[in-house]
Number of protein chains: 2
Amino acid sequence: MNIDKLIDFIKEADKLKSIHRKTLNYHENRYENSGEHSWHLALAILIFAEHANNEIDLLKCIKMALIHDLVEIDAGDQIIYAEDDKKFEREELAAKRIFGLLPTSLGNELLELWHDFEKKETAESQFVGALDRFLPLLSNVLNDGHSWTEHNIKADQVYKKNKPAISMGSTALWEKADYFLKECLSKKILK
Amino acid sequence: MNIDKLIDFIKEADKLKSIHRKTLNYHENRYENSGEHSWHLALAILIFAEHANNEIDLLKCIKMALIHDLVEIDAGDQIIYAEDDKKFEREELAAKRIFGLLPTSLGNELLELWHDFEKKETAESQFVGALDRFLPLLSNVLNDGHSWTEHNIKADQVYKKNKPAISMGSTALWEKADYFLKECLSKKILK
């Protein structure tokens, strides 16, 4: 495989470290970037693997986590509560450009893996998706609901977006999330 | 497996995003942190896998990348050119504390994987080690030798530290690194 194309890709991928998310790091008053988030997600997959609802291919899950946000280099990060009907189109274009930097077979494999993540029809994408929601929820729990307050997000929206997505991939994770959310409600961090 | 222990670990691991390395991101005038570096390394393993000198277990390599720097949460990041005979001791203590947060079997598995990475006796640790050197070298190539200048590192030190480590894991990567270093020498970015 042409190594220069691989180097071009890894140089381009580095830009994900400049994409800022809406959530804070757990221990810093600083917005998380999508590069470090992708690491934290991949590590969480490794750690929580046995709590997936269904049998998963762990390597496939971790690969998915590593590439799941690369489209944001072109398309940006959006809060999950946003209504934006152009998002799909922008991300599809971004995926074609970014994975298109790679040699064809590898580029196609990763493009397919990203489509798999987006569709949430496989055990792997459902488990990765569950943790992709659980980690920022935990950030809010640890930082007094920072992004909920900043974006005026209410409890019904949090439940509506997170309950199906997390419980589909991991019932055990949803039970913990639900417990944390109830604590936030009782402390009025979430309204 | 006790899910609360897993959550404690993933909260602790988040601190790696606050550990700053000596190299700049490729596209930003900002020091890379060890969390985003771990992502970039894991992604690079996936991308460059076929250029490993020996047959590798890809999942093992990626797991290794995800956990290889966690000890820095306690022990800090050091430039590879530093002479520090207490480093091993500090990192060993850190590894025991951090992986010790996990349920025993998983904690032991990851501790062993980290020891494997440190020893560089397996095909996996040699390949991960090669990319762990190649990526910051590329940062210097793209940023006018920033960390070489800042720490007064000369060409003979760069060759001595990088040639064995990179070529042991991937001859193809070393050939590219050597080509880049020669360019830097001719441009007087490296002296």
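Residues are numbered from 1 along each chain as its sequence is written, while chains are lettered from A and ligands numbered from 1 in the order in which they are written. Because the model is predicted, local features need pLDDT of at least 70 and side-chain atom pairs count only at pLDDT 80 or more, whereas totals for chains, interfaces and linings use all residues.

Chain A has 10 helices and 2 strands, these being DSSP runs numbered from the N terminus (H or I of at least four residues for helices, E of at least two for strands). From the N terminus on, the elements follow the order α-β-β-α-α-α-α-α-α-α-α-α. The C-alpha trace of chain A spans about 55 × 35 × 30 Å along its principal axes. Of the 191 residues of chain A, 46% count as buried, a residue being buried if 20 or more other C-beta atoms, placed from the backbone, lie within 10 Å of its own, exposed if 12 or fewer do, and partly exposed in between.

Chain A can be laid on chain B with an RMSD of 0.0 Å by a turn of 180° and a shift of 0.0 Å along the axis, when the copies are superposed by least squares on the C-alpha atoms of residues with pLDDT of at least 70 in both. That is the relation of a two-fold axis.

Residues up to four places away in sequence being left aside, A:Ile45 touches A:Cys61, A:Ile62, A:Ala65, A:Val128 and A:Leu131, where contact requires C-beta atoms, placed from the backbone, within 7 Å.

In helix α10 of chain A, the buried residues are A:Leu173, A:Trp174, A:Lys176, A:Ala177, A:Leu181 and A:Cys184. Seen down the axis of α10(A), the buried residues fall within an arc of 160°, so they line one face of the helix, the arc being that of the directions from the helix axis to the C-beta atoms. These buried residues pack against α2, α7 (123-142) and α9 (155-169) of chain A, together with α1 (3-13) of chain B. The face turned away from the buried side of α10(A) carries the exposed residues A:Tyr179, A:Lys182, A:Glu183 and A:Ser186. A:Lys188, whose phi is positive, near 60°, follows α10(A).

Key
Contact = placed C-beta atoms within 7 Å.
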